[in-house]
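I opened the model to look up its helices, its loops and what the record says of them. My entries follow.

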Amino acid sequence: MTALSKLLIRYGFMLIVIAFFLFFSWGNSVFYSLDNLSNLLQGNAILLIVALAMTLVVTAGGVDLSVGVALDFGAAFALIALKQYQLSWQMAVVAALAGGALIGALNALLIVYFQ
């Protein structure tokens, strides 16, 4: 394995992210603004938290990719609580936690039963 291929394996993803960042910054000057970067981080904060948690799970040897499904079900429960039942945002958070816990328990049951 050459030194270049080792370098690309180690830093390839970072180079791709930088290339995308430079490309979109070149295409639109607003993309590089501090306000837009702040909006990107705020809009993806939940995904960043879940990705960090999944990194810990995967590096510990327990590959469980059903966290994304539980997150989506929780968001769907919150949306239904807000829109259909017109509950407060506090109750929507409770509904999201309950929905995520419900689908997480179902996933755990299926994993334990079929393993």
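UniProt positions are given here in the numbering used for this model, with feature names shortened, and the annotations may be inferred rather than shown by experiment. I looked up "transmembrane region" in the unreviewed UniProt entry, which lists residues 7–26, 46–79 and 91–114.

I noted the ground rules. Residues are numbered from 1 along each chain as its sequence is written, and side-chain values use heavy atoms, with hydrogens and water left out. The model is predicted: local features need pLDDT of at least 70, side-chain atom pairs count only at pLDDT 80 or more, and totals for chains, interfaces and linings use all residues.

Confidence. I read pLDDT as the predictor's confidence in each residue, from 0 to 100. The protein chain averages 87, and 97% of the residues score at least 70.

Helices. Helices are DSSP runs of H or I with at least four residues, strands are runs of E with at least two, and both are numbered from the N terminus. I checked two of the listed spans. Residues 7–26 are 100% helix and 0% strand, with their end C-alpha atoms 26 Å apart. Residues 91–114 are also 100% helix and 0% strand, and there the end C-alpha atoms lie 34 Å apart.

I then took H3, whose 15 residues reach 21 Å from first C-alpha to last, close to the expected 21 Å at 1.5 Å a residue. The expected span is 1.5 Å times one less than the number of residues. Just after H3, Gly61 takes a positive phi of about 100 degrees.

Loops. Buried means under 20% relative accessible area, exposed over 50%, and partly exposed in between (1.4 Å probe, protein chains only). I found Gln86 in the loop between helix H4 (67–83) and H5. Gln86 is not a glycine, yet its phi is positive, about 50 degrees. Gln86 counts as exposed because its relative accessibility is 68%.

Ser29 sits in the loop between H1 and H2. At 63% relative accessibility, Ser29 counts as exposed too.

Leu40. This residue lies in helix H2 (residues 34–43). Leu40 is partly exposed, with a relative accessible area of 37%. Leu40 and Leu109 are 36 Å apart, C-alpha to C-alpha, and 69 residues apart in sequence.
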